[in-house]
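Colleague: I have a few questions about this model. Can you take me through them?

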Amino acid sequence: MPDLSVKIAGISMRNPTMLASGFLDETGASMLRVHRAGAGAVVTKSIGPQPRTGYPNPTIVELDVGLLNAVGLPNPGIEEFRDEVKLSLDGGAVVIGSVYGKDADEYATVAQGLASYGVAGIELNLSCPHAKGLGTEIAQSTEAVREFTAAVKAKVNVPVMPKLSPNVADIASFAQAAEDGGADAIVAINTVKAMAISPDLRTPILSYRYGGLSGPAIRPIGVRCVYEIYEAVDIPIVGVGGIVAGRDALEYIMAGASAVQIGTAIAARGLSVFDNVTGEIASFMAERRIESLKSLVGAAHG
Amino acid sequence: MGRLEVVPLLDVVREVHHTLTYRFRASFGVGPGQFIMIWIPGYDELPMALSYLGDVKGVTVHAYGDATKAFASFKPGDLVGVRGPYGNTFAIQGEKVLCVAGGTGMASIIAAIEAFHEADAEVVTVLGARSADELIFEERAKQCGEVHISTDDGSRAFHGFAPALAKKLMDTEKFDAVATCGPERMMKAVIDLANQRGIPSQASLERYMKCGIGICDACAFDDYLVCTDGPVFTGAQLVKSKDFGSVRRDASGRRIPV
């Protein structure tokens, strides 16, 4: 079997699959379970300075093409989250802490807290499409992306990875702004702003009305975004959006991603999705006598 | 995955003063102990075990919060959203089964009581509530076997908690399976009694939920998820649990007492 271990922005992982933020990552026990199921790294729920309950239900709509959600950033707050991070680190997981906030100071403070708990890196949730005043507006301003990235970089010594929104006209310019701010890697993409309506009830189903679409429907959007970002920056990219199988991950890798994240597919394939995707990438490579995953990164660019 | 179905309520029946049964048709099948997410439009979406299976399904709800109180004013013909079914079922095994229900927990276990009976098991039910006027589904349980009543205030039959009455029965009769649903500390006492006697047991748990499909982590319980690994857990699982009977999580994921 080919060696699929990767090192991205200095973070070593046994394979290129990571748990995407928002899935089974509010508790240490669940993050550990995902680690044991085979994920190369786990990204935490987005954590803020204070506990937050999120929106009332319905917060999730199951669709044929994926999931629509507006959970509204529920999290126990940075203080209480310490024990959850500790539990997952003690169990051997590679943990990336995801951060949200209302301004650059909040991002930096929470990131500092997570770094002090021992996380291997920080992901900046700059792009949650369904939380008013918390990321949505930031995602629409290249200057804010640069400024927030720089503010966090100034406070922590671990790699910082802004997660970008696809809900912009030119995602590559946002990746450049993040790189200018000192980002060590780019995570793309967050969910696509979307809505589902009940014709019977004549009303949006989500209590917040708008939500973020994830799952297979958004994979071609994510692959396109990663392709564009790869041409615009020199830092590594983590691809995310609709990956269910090894060939999906390979699309992202050939578009330019050095690692991938998986979330929604857990609902369909269970936690074995991490092992399955890793195994499917390995089989693809073995059948073609490809020894280095690195040689496939960006392979679709002419 | 369970697609949302918006369906009219066929009937609304008041079981006791604050507890109502809402019945509807849905396209999916469901087993005893499984739950659905029921959307009360304009208010909330909540996990509910089904109190009626079959073609016409039902949930039986104690009106205790804003959403469930609003739901109490819903009439036949009003629309609700249902998606599911989710979670596992009670394992219908055993020849002589003790079912212990507390309060509205009876709504989640009555389908299992009927399933045990249909599988030709001898079913003995302990039905407990705070007082006589809060007992539900007594007649349905009687169709399936012996029913013993306990009330916390002594307003009817055994004066005390359901586990104390269950213990008396377990001390005098031999059961080969125990199933329970109700307040968690009650279930803890029942599971402990069964484990002490080496009787296989199962309990149906309740936790705050958002997704119902095993991804959001809101219903984390030890290293299980109540929505996909449960809601029914075995005595063998629960005897090792740190959270059972002691810890649940609020909507923000903070650990709080049960």
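Modeller: The questions below go from the interface to the strands and helices.

Modeller: This is a predicted model, in which local features need pLDDT of at least 70, side-chain atom pairs count only at pLDDT 80 or more, and totals for chains, interfaces and linings use all residues. Residues are numbered from 1 along each chain as its sequence is written, and chains are lettered from A and ligands numbered from 1 in the order in which they are written.

Colleague: Which strand supplies the largest share of the side of chain B that touches chain A?

Modeller: Here 26 residues of chain B are in contact with 32 residues of chain A (C-beta atoms, placed from the backbone, within 7 Å). Strand S5 (44-52) and strand S7 (79-86) of chain B each give at least two residues to that side; strands (E, at least two residues) and helices (H or I, at least four) are DSSP runs, numbered from the N terminus. The largest share, three residues, comes from S7(B).

Colleague: How many residues on that side of chain B are charged?

Modeller: Asp, Glu, Lys and Arg count as charged; Ala, Val, Leu, Ile, Met, Phe, Trp, Tyr, Cys and Pro as nonpolar; the others, Gly among them, as polar. The side of chain B that touches chain A has 12 nonpolar and five polar residues. The charged ones number nine.

Colleague: Why is strand S8 of chain B called largely enclosed?

Modeller: A residue is buried if 20 or more other C-beta atoms lie within 10 Å of its own, exposed if 12 or fewer, and partly exposed in between, with C-beta atoms placed from the backbone. S8(B) covers residues 96-102. It is largely enclosed by the rest of the structure because the buried residues number six of the seven.

Colleague: Which residue is the bridge partner of B:Ala101 in S12(B)?

Modeller: S8(B) also pairs with S12(B) (residues 177-181), in the parallel sense over five bridges. Within this pairing, the partner of B:Ala101 is B:Cys181.

Colleague: Which residues of S9(A) point the other way from A:Val160, A:Pro162 and A:Leu164?

Modeller: In a regular strand the side chains alternate between the two faces of the sheet. Five of the five residues of S9(A) are buried. A:Val160, A:Pro162 and A:Leu164 point one way, and the other way point A:Met161 and A:Lys163.

Colleague: How far apart are the end C-alpha atoms of helix H4 of chain A?

Modeller: H4(A) has 12 residues, 142-153. The expected span is 1.5 Å times one less than the number of residues. That gives 16 Å, and the model agrees, because the end C-alpha atoms are apart by 16 Å.

Key
Two residues are in contact if their C-beta atoms, placed from the backbone, lie within 7 Å. Two strands pair if DSSP finds at least two bridges between them.
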